[in-house]
Amino acid sequence: MREGIVLTSMQSEQFSVLRQNPLVFWNGVKEIGKECFIDKQIKEIIITPPVKVLGEGCFTNCTNLQTVELPQTLKVISKSTFKHCTQLKSIVIPNSVKRIEEHAFDGCVNLQEIVLSNKIKELNYDTFSGCVSLKKIIIPKSVKKIAVGCFYYCTNLSYISIPSKTLIDTRAFCNNKFNYYYINKKEKRVYFSENLPEATQNISNILNLQVCRQAFYDFNQNLVNFVQDEYAHQIIEAANKLNKVGMALPYVLVRDMVHDGKFDEFFENSHFTFFNKEMPKELLQKINTYSENFLNDFYSFAISLGCFSKEKMLDSQGKQTNTFVYQKASTIFVQLNKLGAFDEMFDHTQAICGCDMYSEPNQDFLNFCSFKQGKDEYVNLKLLMEMNEVARNIFARIMPEFNNVSKFRTYVNSDGKPKTRSWKETLEKYLTQSSFRNVNSQNEDIAELFATKDLQQTHFDQAIKIRKVAKAANVSAHILGKELKEETILDSITKIKNNTEKLLQDSKVLIDELYEKQFTYEMLNKYDANNFVLGTYCSCCATINSVHYGKDITIASVCAEDVQNMVVRDVKGSIIAKCTLYVNKKYGYVVINDFEINSKYKKNELHDEDDCIISGYYSDEIDSPQRHERDLIFNTFMRGIKAFVSEYDKQNPNNPIRQVNVGLGHNRLQEQCEQFKVATSLLKVPSAYCFQDAQQMQCILYKKEEIGEINNTVENIK
């Protein structure tokens, strides 16, 4: 065999036929190729010189592999090389090895001992993740960094020695058996260990990690930050106090309090028993699985609401009552949980984000939230949750300023008579007036909408400017010169009800059909304020504050004559999906950037091995309600497109629409689009419009067969 050959998976079959045990590589092999021996039933491997590289996944899932001998010529152990080699118990990495890539020993559940090369500079992502039998490891001086997840779920790892200058990522360890952290200055090493050494004369900075583990839900994930924190000993003291009252708080929350010098004041003025008693145990267990940011928001909101405050509620005359603030606030907190505020991470957390945990509880706000209409009907609390669907961070925005909010409750009408607004109108008015400067009758619709999106003054000013540019150029509100909007169910039923009883009876079948039509389309008026914030409805970048190409699409959809947004609304009239159309009038074709839907309808999207979303593909069953809803939304888009083409062709009989294509770049209705023919060549869109998702692949949603496919090379659109 020639010197320097790369062994391939095809050649590996020869080894399988030979059934060598141990498996010994012949002279001349310099590299074992990608997935060369994946899933093979090998028990022992002896790798000889001149092998330099173990290719990606070359021994993945060799579940019988027990012994491996590596040569001094080896330089690289690639990604997933020994992943899920579940019988491998020990391995020595020769000092010739300079790089071990991510997942190299991921899931080696019986790996008990590993000796690392003294030439390795970095331990990568998930290198030893899930090595549950690994108890001890010594990191060489050469290692400059231990990456995120390197020792994730090494649940029996009880001793690790690390050079003091090695950088350790925040989440390098999780669920390990570390009870102590200490430094040996003589050895210039730091240690995480289950026990302290017998000889302690050279060690310093000893931290008892058991104290924090009892007190903090997310302590393990913040282990490195904690031990490097100059306030570590004060945090330990805070943890001790919390342990005595049986209260667990997130590490990041306690850390911030200690850093700000606020923890002692908080602890002395707090009552924890009622909160612990009132909170559903399953809720507290569930939030333990959430991110540190969510935990911080969750408890910051509880604190700012007053769930731990020992103050007493005051009556209308300002006198103390027998009710404590913590009682009322915790009751509201429980009701929020019943209303689904904490059901799914991030779905409703906008209700509890951004609260200042050092602010004083607002008793007027607590009374407002506690208002009942009928048995257990917290009508105002329900109102806030409903408004939170469109007005982000509504709790944080109105809770500390509730006294100012109340001032908008009453007003004087044009006749000089005092009037009272509903609470919904009051909150909307406050959000609008308090959010932006220079609000007037010409831009109040933008202010009202932007106030619900938590956008900034600069974005408000930009939107006004864009609209002025469009109006100055006399840009028509519609490409067609007329409104194209599908009648809603309620509109249709109202129309029928206005007719005679007989007509209503005759139309029963029609009514039943209308109730089946859950979604309606609309070519969105260019001067509608929603054009600036469509991305907020659909979690895409098409918003005025986008840092990506979405800002350019937003501007084009208002200012460009040949671009317009189409939206889909649900039965309530809420926007739940959108697409942006470019119309080439000269050559008679339409390009849709992509179809976007909001988070409610794109749940269960598939992820790749790096946990990145695979846009438009879902794990739902074929006959599931979720998939049925996405089909209905897609069908609504198609009805809108057909209606647009029909009206356009009437107006342009000599040059009708020949073809409609949609991009598949990040299309959230990818599966539905793929039922149509893939275009052999792309329909072009001016580069200034930034139709990024239509630049790689397109599907043909509509085509006039008698005209034939468009030769879009006739015009090189700039």
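A residue is called buried when its relative accessible area is under 20%, exposed when it is over 50%, and partly exposed in between (1.4 Å probe, protein chains only). By this criterion Ile162, at 0% relative accessibility, counts as buried, and 52% of the 718 residues of the protein do so as well. The model is a predicted one, in which local features need pLDDT of at least 70 and side-chain atom pairs count only at pLDDT 80 or more, while totals for chains, interfaces and linings use all residues. Residues are numbered from 1 along each chain as its sequence is written, and side-chain values use heavy atoms, with hydrogens and water left out.

**Overall organisation**

- The secondary structure comprises 24 helices and 33 strands; these are DSSP runs numbered from the N terminus, helices being H or I with at least four residues and strands E with at least two.
- Among contacts (heavy atoms within 4.5 Å) with a separation of 6 or more, 53% are between residues 24 or more positions apart.

**Surroundings of Ile162**

- Ile162 belongs to strand S15, which spans residues 159-163.
- Leaving aside residues up to four places away in sequence, Ile162 touches Ile139, Ile146, Ile168, Phe173, Arg189, Val190 and Phe192.
- The C-alpha atoms of Ile162 and Ile183 are 9.6 Å apart in space, and the two residues are 21 apart in sequence.

**Aromatic pairs and charges over rings**

- The structure contains 49 aromatic pairs; rings of Phe, Tyr and Trp (its six-membered ring) pair if their centres lie within 6.5 Å, and planes under 30 degrees apart count as stacked, over 60 as edge-to-face and the rest as tilted.
- The pair formed by Phe37 and Phe59 is stacked, because the ring centres are 5.7 Å apart and the planes are at 15 degrees.
- Phe37 lies in the loop between strand S3 (29-32) and strand S4 (44-46), and Phe59 in the loop between strand S5 (53-54) and strand S6 (67-69), so the pair ties together parts that are 22 residues apart in sequence.
- Both Phe37 and Phe59 are buried.
- Phe324 and Tyr326 also form a stacked pair, with 5.1 Å from centre to centre and 10 degrees between the planes.
- Phe324 is partly exposed at 25% relative accessibility, whereas Tyr326 is buried with a relative accessible area of 8%.
- Lys136 lies over the face of Tyr159, 5.2 Å from the ring centre; a charge sits over a ring if NZ of Lys or CZ of Arg is within 6 Å of the ring centre and within 35 degrees of the ring normal.
- Arg630 lies over the face of Tyr618, 3.5 Å from the ring centre.

- Helix H16 (residues 444-453) is mostly covered, with seven of its 10 residues buried.
- The buried residues of H16 are Ile446, Ala447, Leu449, Phe450, Ala451, Thr452 and Lys453.
- These buried residues pack against helix H13 (394-398), helix H15 (423-435), helix H17 (457-472) and helix H21 (534-538).
- Asp454 follows H16 and has a positive phi, near 60 degrees.
- Gln670, in helix H24 (residues 670-673), counts as buried at 8% relative accessibility.
- With residues up to four places away in sequence not counted, Gln670 touches Ser615, Gly616, Tyr617 and Leu664.

**Backbone geometry**

- Most residues other than glycine have a negative phi, and most peptide bonds are trans.
- A cis peptide bond, with omega about 5 degrees, joins Pro49 and Pro50, and Pro50 is located in the loop between S4 and S5.
- Asp126, although not a glycine, has a positive phi of about 60 degrees.
- Asp126 lies in the loop between strand S11 (122-123) and strand S12 (136-138) and is buried, with a relative accessible area of 10%.
- Asn205, also not a glycine, has a positive phi of about 55 degrees.
- Asn205 is placed in strand S20 (residues 203-208) and counts as partly exposed at 41% relative accessibility.

**The second largest pocket**

- The second largest pocket has a volume of about 400 Å³.
- On a 1 Å grid over the protein atoms alone, a pocket is an open set of points where a 1.4 Å probe fits, with protein on both sides within 12 Å along at least five of seven lines, and lining residues have an atom within 4 Å of a point.
- Grid points are joined across faces, edges and corners, and the volume is the space filled by probe spheres set on the points.
- Of the 18 residues lining this pocket, Glu265, Phe266, Asn269, Met357 and Glu360 are the closest to its centre.
- The lining has eight nonpolar, five polar and five charged residues; Ala, Val, Leu, Ile, Met, Phe, Trp, Tyr, Cys and Pro count as nonpolar, Asp, Glu, Lys and Arg as charged, and the others, Gly among them, as polar.
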